[in-house]
Amino acid sequence: MAEIQNFTMNFGPQHPAAHGVLRLVLEMEGEVIKTADPHIGLLHRATEKLAETKPYNQSIGYMDRLDYVSMMCNEHGYVMAIEKLLGIDVPVRAQYIRVMFDEITRILNHLMWLGTHGLDVGAMTMFLYCFREREDLMDCYEVVSGTRMHATYYRPGGVYRDIPASMPRYQPSKIHNEKDVARMNRAREGTVLDFILDFTERFPVRVDEYETLLTDNRIWKQRTVNIGVVSPERALQLGFTGPMLRGSGVEWDLRKKQPYEVYADLDFDIPVGVTGDCYDRYLVRMEEMRQSNHIVRQCAKWLAANPGPVMIDDHKYAPPKRTEMKEGMESMIHHFKLFTEGYCVPEGEVYAAVEHPKGEFGVYLVSDGANKPYRLKVRAPGFAHLSAMHEMVQGHMLADVVSVIGTQDIVFGEIDR
Amino acid sequence: MNSRYQALSANLSARFGDAIEDVIQGPNDAHGELTVVVAKESLTQVCAALRDEPDFAFEMLIDICGVDYLTYGESEWETRSASNSGFSRGVDREVVIPDPATEYDSQRFAVVYQLLSVSNNQRLRLRVYTGTANPPVVPSVIEIWSSADWYEREAFDLFGILFEGHPDLRRILTDYGFIGHPFRKDFPLSGNVEVKYDEELGRVVYQPVSIEPRTLVPRTIRDDNRYVSADKESGDNG
């Protein structure tokens with residue numbers, strides 16, 4: 001009989017389950033994986049180097065494009081680093097808006113993760129259901145920032161503008177008649193916050209629906225239980241954060257342990273896994289969606305009751321109002337300087353981290369006192385997770401690689417930067 | 001700087017003595033940010049102690065970041081007041097092309113480690129200067145924290161910093177066969193080569209880049225009186 005040797009297999013970069021541009025070189029012994037060597041960098045855009053050549057505010061838009069399914073959380077990490085270095089305080093209303101949109105982003109991200117993870121493992125329906133709910137949240141993005149995805153909504157010193165009063169409505173057309181439109185506009189008659197509150201009432205029922213499809217599903221459990229087990233000690237060693245760390249049973253969440261913005265005043269719980277397998281990480285993320293929903297509700301209620309400024313009143317960092325610029329010379333100069341030169345950030349270095357949907361998203365900023373960062377380093381959670389790919393899939397079957405990629409919640413925008 | 005970080009700072013100085021060259025506290029008191037400059041020779045001992053000793057217990061290496069201090073504090077906007085030739089446009093830059101054979105300035109390259117202690121809930125930043133060695137080299141901490149693996153590969157790829165003891169120091173983010181270390185300050189933003197499809201050869205070829213480098217917003221450093229620290233003489237307002 002011929003001697004059977006290990007063979008090498010290329011997984012990706014065009015494989016639909018590779019979640020973007022992952023090229024995974026697998027050394028296989030039959031169906032069993034001996035080594036996995038991820039090749040990354042196919043989406044490398046040198047965001048950090050580009051940021052070194054631009055005034056601080058012009059790089060906020062790049063942050064959206066890092067992890068392109070949780071846009072505002074990336075911005076949050078970046079503007080928090082600048083604010084820390086400048087030593088400026090954000091108005092409390094802006095903090096609530098930020099927290100609300102961080103949690104909306106978390107739901108967006110987890111829905112994307114659930115849909116694609118389900119699709120990879122074979123649960124087609126999840127994908128369609130999750131995108132239905134994402135649509136409402138995308139509308140929330142659009143109503144405050146004008147775009148559905150790359151918002152550039154957070155600015156150092158606050159947010160770009162306050163939440164508008166009314167929600168845009170659908171108009172009758174050839175495709176949708178009056179009756180359809182009335183149904184679609186049911187939640188859109190009131191303010192934007194009413195729309196968000198209405199969503200938070202509908203959403204827990206949707207999560208229950210997802211759970212009836214997956215949580216006790218025999219196929220789902222066969223594909224995820226005891227797959228990609230990571231012990232808490234290894235998870236810490238490997239630099240895991242977020243649901244990957246909590247799935248292994250380590251109780252660590254920056255929103256609780258090192259609270260930023262107004263998280264200390266809000267009521268929510270941190271779900272923690274037990275075994276550290278794909279199934280536990282699934283359960284953790286499902287519960288996180290419910291908790292995020294709870295936080296969004298609290299923020300929306302607070303915002304409805306407490307009007308106020310959403311941007312720092314210092315025109316060195318925030319542009320003056322249009323009407324002021326028509327009248328006042330000083331406002332005119334401020335506007336001109338802010339948009340041509342930007343602001344100089346005092347010399348120093350900071351590290352600011354937020355609890356991103358995927359883990360700890362950190363921004364390390366070195367400033368030499370100029371109007372551009374001297375060095376910007378983005379700590380992407382997915383980078384550390386993917387580096388553990390070899391350890392997580394070793395000894396598993398080929399089909400389990402797909403489950404592990406899914407559970408790691410890989411997005412190449414942030415890994416390749 | 002709150003009391004916890006003051007205690008941590010005192011503990012570090014007492015425990016490591018000469019291995020620590022400098023302790024830098026955050027620019028603003030509220031940050032609770034502590035940077036420790038560690039001597040290159042004692043990096044691995046310090047890291048091992050930081051991970052294992054219960055006073056520190058930094059179980060996690062959050063990030064490794066290479067920094068190139070070549071143009072630190074340099075401004076492109078030289079003119080303070082209008083001269084008879086007007087303001088400078090900030091675009092006439094001298095291109096820095098260091099001789100690859102020479103030694104580096106001892107503080108040119110640094111590696112910055114972000115540590116996190118889950119059990120003590122505190123953070124610490126270590127900075128190691130690579131010294132004059134060309135190519136720059138520091139000891140690897142992969143034996144202490146497994147997460148160092150890809151972070152060190154990234155710093156090697158982008159800055160050309162070698163990590164002594166790393167088992168698999170390959171490029172990670174740049175293309176297969178890439179030449180140079182793109183995040184060094186003497187590497188142009190547009191790169192050195194561009195890719196195009198050559199119809200005659202029937203394949204993709206590399207050629208020198210055709211993009212003219214330009215500066216849209218000059219790099220400016222202002223002596224702003226809001227930022228003048230106590231130890232610095234107050235400069236004129238920008």
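Predicted model: local features only at pLDDT ≥ 70, side-chain atom pairs only at ≥ 80, totals over all residues.
**View 1. Packing of helix H4 (residues 92–121) of chain A against helix H12 (residues 278–305) of chain A.** The two helices pack at an angle of about 150 degrees, and their axes lie 9 Å apart. Angles over 145 degrees count as roughly antiparallel, and H4(A) and H12(A) are therefore roughly antiparallel to each other. The crossing of H4(A) past H12(A) is left-handed. Sorted by class, the residues in the contact of H4(A) with H12(A) are 19 nonpolar, 3 polar and 5 charged.

**View 2. Packing of H12(A) against helix H17 (residues 398–408) of chain A.** Here the packing angle is about 30 degrees, with the axes 10 Å apart. That angle makes H12(A) roughly parallel to H17(A). H12(A) passes H17(A) in a left-handed crossing. On the H12(A) side the contact is made by Cys278(A), Arg281(A) and Arg285(A), and on the H17(A) side by Ser403(A), Val404(A), Thr407(A) and Gln408(A). By class, this contact of H12(A) with H17(A) has 2 nonpolar, 3 polar and 2 charged residues.

View 3. Of the 16 residues of H3(A), 15 are buried, so the helix is largely enclosed by the rest of the structure. Just after H3(A), Gly87(A) has a positive phi of about 70 degrees.

Conventions
Residues numbered from 1 in each chain as written. Chains lettered and ligands numbered in written order. Heavy atoms only, no water. Axes fitted to C-alpha atoms, helices over the stretch in contact; angles between N-to-C directions. Helix = DSSP H or I, 4+ residues; strand = E, 2+ residues; numbered from the N terminus. Parallel < 35°, antiparallel > 145°, perpendicular 65-115°, else oblique. Left-handed = near helix turned anticlockwise from the far one by under 90°. Nonpolar A, V, L, I, M, F, W, Y, C, P; charged D, E, K, R; others polar. Buried < 20%, exposed > 50% of the residue type's maximum accessible area, 1.4 Å probe, protein only. Contact = heavy atoms within 4.5 Å.
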